[in-house]
Amino acid sequence: MLPGTLVIATSLAYLMLLFAVAAWADRRRARGKSVIGNAWVYALSMAVYCTAWTYFGSVGRAATAGVWFLPIYLGPMLAMLLGWMVLRKMIRIARTQRITTIADFIASRYGKSAALAGLVTLITVVGIVPYIALQLKAIASGYAVLTALPGLPGQTAGSSGNWLADSTLLIALAMAGFTMVFGARQLDGAERHEGMVAAIAFESVVKLLAFVAVGVFVCWGLFNGPGDIFARARAVPELARLLTLGQGQAFAYEQWFALTLLAMLSVLFLPRQFQVMVVENVDERHLKRAVWVFPLYLLLINLFVLPIALGGLLLDPGSNPETFVLTLPLVHGAPALALLAFVGGLSAATGMVIVEAIAVSTMVCNDLVMPLLLRTRRFAAQAQGDLTALLLNTRRAAIVLIMLLGYVYFRLAGEAYALVSIGLISFAAVAQFAPALLGGLYWRGGTRAGALAGLLAGFALWAYTLMLPSVAKSGWLAAEFLQHGPFGIALLKPEQLFGLQGLDNLTHALFWSLTLNAALFVAVSLWRLPSARERSQALLFVDVFERDAAPTFWRGHAELTSLRALCERLLGSARTQRLFEQVAARQGRAAGQPPRADAALVRDVETQLAGSIGSASARVMVAAVVDEEPLGVGDVMQLVEEGSQLRAANEQLRSLDQMKDDFMSSVTHELRTPLTSIRAMAELMVDEPDMAAVQRSRFTGLIVTETERLTRLVNQVLELAKIESSQAAWRLAACDLNAIAQQAAAAMAAPLAERGTVLTLALAAGLPSVMADPDRLMQVLLNLLSNAAKFVPAPGGRITLALHATPDAAVFSVSDNGPGVPLAQQALIFEKFRQGGDASQPPVGTGLGLPISRQIVRHFGGRLWLESSPGAGATFRFTLPWQDAGATS
């Protein structure tokens, strides 16, 4: 037994420490040094999943069901390892749309539906109340164990027959106060709660160390290791079954699957998990670490669950298994460890309550209270001033209300269920979000009506088959309701609905609720096509990774003064000014000029307001100050097409910019080479006045050669510039293509013979003449022949100049038996003006001959391309259209 004052003082000191950590993180953020911009902090904050249920309930479940406590933790591990892409997509969407809650997420996907957001919020509030009650029960029970409060008959220690005098009520109110301090100090939910996240990461470390410390104490302080515990347990028949999954197990294997599935869904859809994993994420890359750190954390915190449970059953079989974490150290001479364990449990409970209450209070304010206020004329008349105080007070009141509802459930039904069972009721409630949310992420055909129908049906069946039975087992409903069904109708018995037997109550409820939920979501969505707004939001959600710049689905007329006034009422003057300055800068406005009141500004205003009041309420308030033109499905598809064209144009511009950069790099390189050579040889001649005459003469000749090369390159650059700017002089004449090919071959005959290269002509007789510039065509053929001559073996080189006709064009080809061109380099030769490769690849040309040749051929309506297989030579081909050749002048 420990003094109550010591337990209370230690608890308050720990909570103050959490607050100090949060304040420290907020100060660092103010200085521009984010604490949560760290993958480790992000991964540890996910461990808010481990609540008092993990700390006390898992040991209690392991004491009655053995290894069957594992599915609750295998599910999140599988979700992170297999479904992290789903989480990444949710993060990207939430950041793009400034989504702050799971209700806002689902409502935004289906056209920013206020009705859908309100329904999700109601389901969340009702479903999360048992979970809040679980935390209160765990803290009250733990305090009673440490202080040995007597407790009244039939009641949990720590409670009182007089509700107002109940210490648990004081705990609930105290936790509400701490929650307001942590998360209700600012309005914009999209601004991350860095202090809260840092505190949650810190408490995750504390509860892990405390639980592991108890496990080590039980295994090696009370026994000779885990092996000793398991050996003693196998000697007791009642305990031996806890180590197996075989016959005689109290739970069926279908429950294992149901629990694993339930945990997989819950780790994504619980409001607190959505808050820390999606809303508070600062970098998608942090997921790479979280996908293995979070499962590892779950493994470590559950490593000693079964040894503690078995050790408690061996040493204190009459005690409540859910308190073994406290009673084993307390009874066996380690009160300090028991106090540390209580602090760990308190940490687990407070972390869950703080994050959950923040998330749910935001949903209540944005999706229940705000829509009601917006419908009242009195509020509309008074809504001309600053509304931030009203919204903040609404969230604070919601936090207190949520805590009081949790306390009421604790008093009404807390005694009928163990901690784990209470938690599973909440898990089953949030699992109802799965069809609408997952379907909305990957199926464009999902509709608002389908989501509403599925959620209503699933929630109704959850309440009927799981929530009401929990109240009935507490004595608040007649027992006949469970035994015989309402009005004596056996088919309607809540835990054997429509005659389905053989399943435990959780699996039974999950089967009926999720099956009908998913079926109605799909059926109703197929029955009616999505509206224009639903279709536009579906595109933004489903294709979020394919759309760097999402199209703006808005048309109408807006006044700048009205939009500014609306923002100032909800965001404040400073944030409004920053927003409008950012929009003006994106629009290309000069500094100090206001932005244009266009569709982009309306979208940005609505998106910013969504971070404060939710997307549905933001849409209503923006619609009240603008004149919007309704969009049809055709309009949406047109905007999508325009967005696609704009995206393609931007990509083309980026490609052109890259081509320009590559071209300039190539030109610079080609010009730098002779300049460097000239400078180096000139410096040598100046520095060595006694240089031998023969050497000086050789250097002079090289300088002349490099100067000629430089002159040629400059002329080529000027020529290419003239061609591209349509200022080049062209001499059109009727060209005999065979004659031009023979002249080019004759001009190259002597240089090729000196290298031992054989040039072969393969011409086609009877070709018609083509209107073109004969000098330019000769230039193209000489460029291609010269390029081929550089890369064929000497001696032994072979080059073929061929000409043949097609119905549309004459086709020239220059083939060689050189090394060919690597595949990776072929795509760069013309599209990016690359001539030459890196040190590990043979070049395919030097100078600017190839780009000039391509421009000449293009001028006459033709096309120049390369065909090559590495090691098998290269072939350059170009076409001259019969009819189009003379059309360009």
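W53 and F427 are both buried, where buried means under 20% relative accessible area, exposed over 50% and partly exposed in between (1.4 Å probe, protein chains only). The model is predicted, so that local features need pLDDT of at least 70 and side-chain atom pairs count only at pLDDT 80 or more, while totals for chains, interfaces and linings use all residues. Residues are numbered from 1 along each chain as its sequence is written, and side-chain values use heavy atoms, with hydrogens and water left out.

Across the whole structure, a search finds 21 aromatic pairs. Rings of Phe, Tyr and Trp (its six-membered ring) pair if their centres lie within 6.5 Å; planes under 30 degrees apart count as stacked, over 60 as edge-to-face and the rest as tilted. The pair of W53 and F427 is tilted, at 4.8 Å centre to centre with 45° between the planes. Because W53 lies in helix α3 (residues 52-65) and F427 in helix α20 (residues 419-430), this pair ties together parts that are 374 residues apart in sequence. Helices are DSSP runs (H or I, at least four residues), numbered from the N terminus. W53 and F427 also belong to a cluster linked by ring pairs, together with Y49, F69, Y73, Y131 and F294.

F459 and W462 form a stacked pair, with 5.5 Å centre to centre and 20° between the planes. These two residues are three apart in helix α22 (residues 448-472) and therefore separated by about one helical turn. Both F459 and W462 are buried.

Charges also sit over rings, a term that requires NZ of Lys or CZ of Arg within 6 Å of the ring centre and within 35 degrees of the ring normal. R109 lies over the face of Y110, 4.6 Å from the ring centre. The charged end of R564 is placed over the ring of F580, at 4.5 Å from its centre.
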